[in-house]
Amino acid sequence: MSSEIPEAKKHLVPVKGTYPKGFKATGIHCGIKKNGRKDLSLIISERPCTSSAVFTTNIFKAAPVLLSREILDKRNGQNIYSLVTNSGCANAVTGTKGLANARMMSDAVSKLNGVEESSLVMSTGVIGQHIPIEKIVNGINQAYELAKQQNTSDEELHEGWIKSAESFMTTDTFPKLRSKKFTLPSGLTYSMAGISKGAGMIHPNMATLLATVVTDVPITVKALNEALKHAADRSFNAISIDNDMSTNDTFAILANGAATKDGEKLIIDDINGGDFIQFRDDLTEFAADLAKLVVRDGEGATKFVTIHVKGAKTFADAKQIASTISTSSLVKTALYGQDANWGRILCAVGYAGVSSVIPGKVSVSFVPTDGTAPLRLLTLGEPENVDEARASEILAMEELEISVNLDIGNQEAKMWTCDYSHEYITINADYRT
C-alpha cells in the first residue's frame, strides 16, 4: 500500500503510534473490491465500552447508520465491544434487505464477542448496491482471529491499525490514522487512536464521512455524549470539500476505561469538572487533526485552507459564516486559480444569514503560513490598496488562512476546506467506472 501513496502525502501517514490499552485493530480484503485492496476493518475491545456517535442528517440514512443508532439507543451507549467497517459498498438506499445485511454484519461480530448487539457497523462506497454479505461474514471471522492473535508490542499494534485504516479507503489516497497520549488534571495518563475516511461527498452536519476514535479513558455515557458533541462541532462538522453530505456519515467513539488500574474508582462524570473539560478539549483537538487529514486528501485539491471567523457575537454565528465561505464555489474556484477576488469572500459573508453583521466593521485578510505578515484586503468595511503580486504569492502556497473579523463580539470559529480543481470533476465523473 505504501508504494501507492502519492509522494506528497507519505509524510501524513504515521510510521509508529501509541495506542489505547485493551483495543486491537486489523483490516483485510474480503472480496468487496475488485482490485484486491483491503475492504473490511475490525476494531475490538477486550473490555466493555461506553460509546457515543453522531450521524448524518441526510434523510436517506444508510442501513448501518440506522442500525448503529438503534444499538446505541437499546444499550444506552453501554457494553459495546467492537466496530466493523466495510468499504467499496455503502449499503445505502438498499431497503429492508440492506438493513438485514447490516444486522448480519453486527451479529457476526457480536457472536464472536460473546455479547448480543455489541458491535457498531459502518459502510462506505457506492450507493444503491447490496453488500456481498457472505463474503463479509467470512471476512469478519478471519479478521477477528487475526486481531485476537496480535501481541501487544507497539510494532504489531501499529501494523494492525494501519491495516484497519487502509480498509476504510475508497477514493482516499492515503490511510488516515492518528494516535496520542494525554494526561488529565487528576494525573491519569490515557491514549486515543482514531481513523478518518473521506476525500469527496463531504460537507457534514453531523455528521461527516466516516471516523472513529477509541480511548482507554474511563468515562460515563452522559459525559461522553457531551464531549463528542462539542468535538464534532469543532472538527468533523467544521470541514467541507464539495458541499455534498453523505448518506453514511458517522463519527463514533468507544471508551473502555482500561487506562485505570484494577481497583481504581476514577471515572469522568462531572461535565463541569477539570478532568472532563480536559478530556473534551483533548478529544476536540484530536478529532480536528483527523478531520484536517480528510481535507488534505480532498478529491483533486491543491490547497488546504483555514477559514477563521472571529469577533462574532456567538460561536454559531461565526460557524455559519465560516461554513458559507468554505462552501462557496466561487471562493473555491478563485483559490484554485490563485485569484485574489476577495469580493467573493465578502459576498459569502453577506448571504450567510447572520443578521448581526455590521458591514462597516468587517475586515478580511489573507494569512500566509510561512510566518510572514498577513495581507489586508478589507479593513473596517473599507477596501485596501491590495498588493496583487503579494496576494498571488500567498495564493500560490499549498496552505493559507482566510481571516474574517466581524468586530462585534469575542466568539470565533474555524472551518477547513480546499479548492475546486479540474481533477475533482474528473474523479467524480468516473467514480463508478
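Predicted model: local features only at pLDDT ≥ 70, side-chain atom pairs only at ≥ 80, totals over all residues.

Q: Ok, let's start with α1 and α2. At what angle do they pack?
A: Helix α1, residues 63-75, and helix α2, residues 95-113, pack at an angle of about 55°, and their axes are 8 Å apart. Angles under 35 degrees would count as roughly parallel and 65 to 115 as roughly perpendicular, and therefore α1 and α2 are described as oblique to each other. As for the hand of the crossing, α1 passes α2 in a right-handed one.

Q: And which residues make the contact?
A: On the α1 side they are Ala63, Pro64, Leu66, Leu67, Glu70 and Ile71, and on the α2 side they are Gly98, Leu99, Ala102, Arg103 and Ser106. Sorted by class, the contact of α1 with α2 has seven nonpolar, two polar and two charged residues.

Q: What about α2 and α3, how do those two cross?
A: The axes of α2 and helix α3, which is residues 133-149, come within 10 Å and cross at roughly 25°. α2 and α3 are therefore roughly parallel to each other, and α2 passes α3 in a right-handed crossing.

Q: Which residues meet there, and of what class are they?
A: From α2 the contact uses Asn101, Met104, Met105, Ala108, Val109, Leu112 and Asn113, while α3 brings Ile133, Ile136, Val137, Ile140, Asn141 and Tyr144. In the contact of α2 with α3, ten residues are nonpolar, three are polar and none is charged.

Q: Switching to strands: where is valine 121, and is it buried or exposed?
A: Valine 121 is found in strand β4, residues 119-126. Its relative accessibility is 2%, and because buried means under 20%, valine 121 counts as buried.

Q: What does valine 121 touch?
A: Not counting residues up to four places away in sequence, valine 121 touches Pro64, Leu67, Ser68, Leu83, Val84, Ala102, Met105 and Ser106.

Q: Which residues of α4 are buried, and what covers them?
A: The buried residues of α4 are Leu157, His158, Gly160, Trp161, Ile162, Ser164, Ala165 and Glu166. Their cover includes the strands β1, β2, β5, β6 and β7.

Q: How far apart are the ends of α4?
A: The end C-alpha atoms of helix α4, residues 154-166, are 18 Å apart, which agrees with the 18 Å that 13 residues should span at 1.5 Å a residue.

Q: What about α5, which elements do its buried residues pack against?
A: They pack against β2, β9, α6 and α7. The buried residues themselves are Val221, Ala223, Leu224, Ala227, Leu228, His230, Ala231, Ala232 and Asp233. Helix α5, residues 221-233, reaches 18 Å from its first C-alpha to its last, close to the 18 Å expected at 1.5 Å a residue.

Q: You mentioned α7. How does it pack with α9?
A: α7 and helix α9, residues 342-350, pack at an angle of about 135°, with their axes 8 Å apart. They are therefore oblique to each other, and the crossing of α7 and α9 is right-handed. Ile321, Thr324 and Ile325 in α7 meet Ile345, Ala348 and Val349 in α9; by class, the contact of α7 with α9 has five nonpolar, one polar and no charged residues.

Q: Last one: is threonine 324 buried or exposed, and what is it in contact with?
A: Threonine 324, which lies in helix α7, counts as buried at 8% relative accessibility. Leaving aside neighbours within four places in sequence, threonine 324 is in contact with Ala348, Tyr351 and Ala352.

Terms used:
Residues numbered from 1 in each chain as written. Heavy atoms only, no water. Helix = DSSP H or I, 4+ residues; strand = E, 2+ residues; numbered from the N terminus. Expected span 1.5 Å × (residues − 1). Buried < 20%, exposed > 50% of the residue type's maximum accessible area, 1.4 Å probe, protein only. Contact = heavy atoms within 4.5 Å. Axes fitted to C-alpha atoms, helices over the stretch in contact; angles between N-to-C directions. Parallel < 35°, antiparallel > 145°, perpendicular 65-115°, else oblique. Left-handed = near helix turned anticlockwise from the far one by under 90°. Nonpolar A, V, L, I, M, F, W, Y, C, P; charged D, E, K, R; others polar.
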